[in-house]
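Please keep the sequence and the 3D view at hand while reading.

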Amino acid sequence: MQTSSRLAIYALIELAANPERQVSVSEIGEKYRISSHHLAKVMHTLGRAGLVRSIRGVGGGYSFSGNAKRTTLLDVIELFEDATGDCKLADPSKANDAEWVLFDVMCEIDDIARATFGAITLATMLKQIGRRTKQARERASG
Amino acid sequence: MQKKGDQMNQPELASTIAIRRVTQGDLGDVVALDKRVTGNAKPDYWQDIFERYATRRLDQRFFLVAEADTGAAQFPLLGYIVGEVRGWEFGSEPCGWIFAFSVEPDTRQQGVGEHLFQAMSAAFKTAGIGTMRTMVARQNQLHMAFFRSEGMVAGPYIQLEMEIDD
């Protein structure tokens, strides 16, 4: 997964956790140790996709405007990269048997990755984060 | 990124959801729901599943159905789930397997699946089981997304298969 996709998922998780709240790019950047410059470009792409809304002015920032139950990690990744990964052959007409067999292996891995990313919504990510936080709290309290 | 089948477009359930074991009288509704979802009617299959999972070893076999807990429901059956405790297959410690699951399409996104899943989880726990598994077709994003949302993740096994040559 490319850095932009990863940053976009972090930003969307942050915003979708509290859709009423407006969060600045620098606030998200600080939490995830991300450059604000890179994050601003990512937020622009998310805005064009209708996943975040930009609020200008003092106290402005971004808020979540998507549907967390319907937006999958694959939906987000595909905004930034070609999600077909390594399942590619440079020139199928000239490929030999070894190239075809390796291509099949890469496609197998790619299919599993796509199915996984396509089945995990932002809402599921938030639930998983909640479970993890709860478990950590229980461990800490003995 | 709004997609088809959003919650706001679904009819609301008239009442709360009740989970109970299947009875012979439910089988027609199970067959009908399965046919509506998969396109195939399999009455013989379901009769066999009923006999194996609803009449014997009931401490380890669970065939559960969901219904609206008032008699005025639009649908006689909201969904079903079938699971069993299996041990030592593929070298695995005993675990709970879910091998059939379906929710009435017009009542999705309203907690029916979650009620069924939680009831199965509680049944396995009562049977002394701490892990449950299922298998989902890769292209079945509906079930994949549901089981993921309930906290299931990829387990330690990978399913392999091949075409058998003539």
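In which strand of chain B does Arg20(B) lie? Arg20(B) belongs to strand β1 of chain B. Helices (H or I, at least four residues) and strands (E, at least two) are DSSP runs, numbered from the N terminus. The structure is a predicted model, in which local features need pLDDT of at least 70 and side-chain atom pairs count only at pLDDT 80 or more, while totals for chains, interfaces and linings use all residues. Residues are numbered from 1 along each chain as its sequence is written, and chains are lettered from A and ligands numbered from 1 in the order in which they are written.

**Arg20(B) and its surroundings**

- Arg20(B) is exposed because 12 other C-beta atoms lie within 10 Å; a residue counts as buried with 20 or more other C-beta atoms within 10 Å of its own, as exposed with 12 or fewer, and as partly exposed in between, with C-beta atoms placed from the backbone.
- Leaving aside residues up to four places away in sequence, Arg20(B) touches Leu64(B) and Val65(B); two residues are in contact if their C-beta atoms, placed from the backbone, lie within 7 Å.
- From C-alpha to C-alpha, Arg20(B) and Asp48(B) are 19 Å apart in space, and they are 28 residues apart in sequence.

**Chain B as a whole**

- Chain B contains four helices and five strands, and from the N terminus on its elements run β-α-α-β-β-β-α-β-α.
- Of the 166 residues in chain B, 30% are buried.
- Among the contacts in chain B with a separation of 6 or more, 64% are between residues 24 or more positions apart.

**Strand pairing in chain B**

- Strand β1 (residues 17-21) of chain B is joined to β2(B) by five bridges, and the two run antiparallel; two strands pair if DSSP finds at least two bridges between them.
- Ile19(B) has Ala66(B) in β2(B) as its bridge partner.
- Seven of the eight residues of strand β2 (residues 61-68) of chain B are buried, so the strand is mostly covered.
- Six bridges link β2(B) with β3(B) in the antiparallel sense, and Val65(B) has Tyr80(B) in β3(B) as its bridge partner.
- Strand β3 (residues 79-86) and strand β4 (residues 95-103) of chain B run antiparallel and are joined by eight bridges, with Gly83(B) opposite Ile98(B) in β4(B).
- β4(B) runs parallel to strand β5 (residues 132-134) of chain B, with three bridges between them; the partner of Gly96(B) in β5(B) is Met132(B).
- A right-handed β-α-β unit is made by β4(B), helix α3 (residues 112-126) of chain B and β5(B); right-handed means that, with the strands pointing away from the viewer, the path from the first strand over the helix to the second runs clockwise.

**Chain A and its contact with chain B**

- In chain A, 18 residues are in contact with 11 residues of chain B.
- On the side of chain A that touches chain B, α5 (97-119) and α6 (122-140) of chain A each supply at least two residues.
- The residues of that side divide into six nonpolar, seven polar and five charged; Ala, Val, Leu, Ile, Met, Phe, Trp, Tyr, Cys and Pro count as nonpolar, Asp, Glu, Lys and Arg as charged, and the others, Gly among them, as polar.
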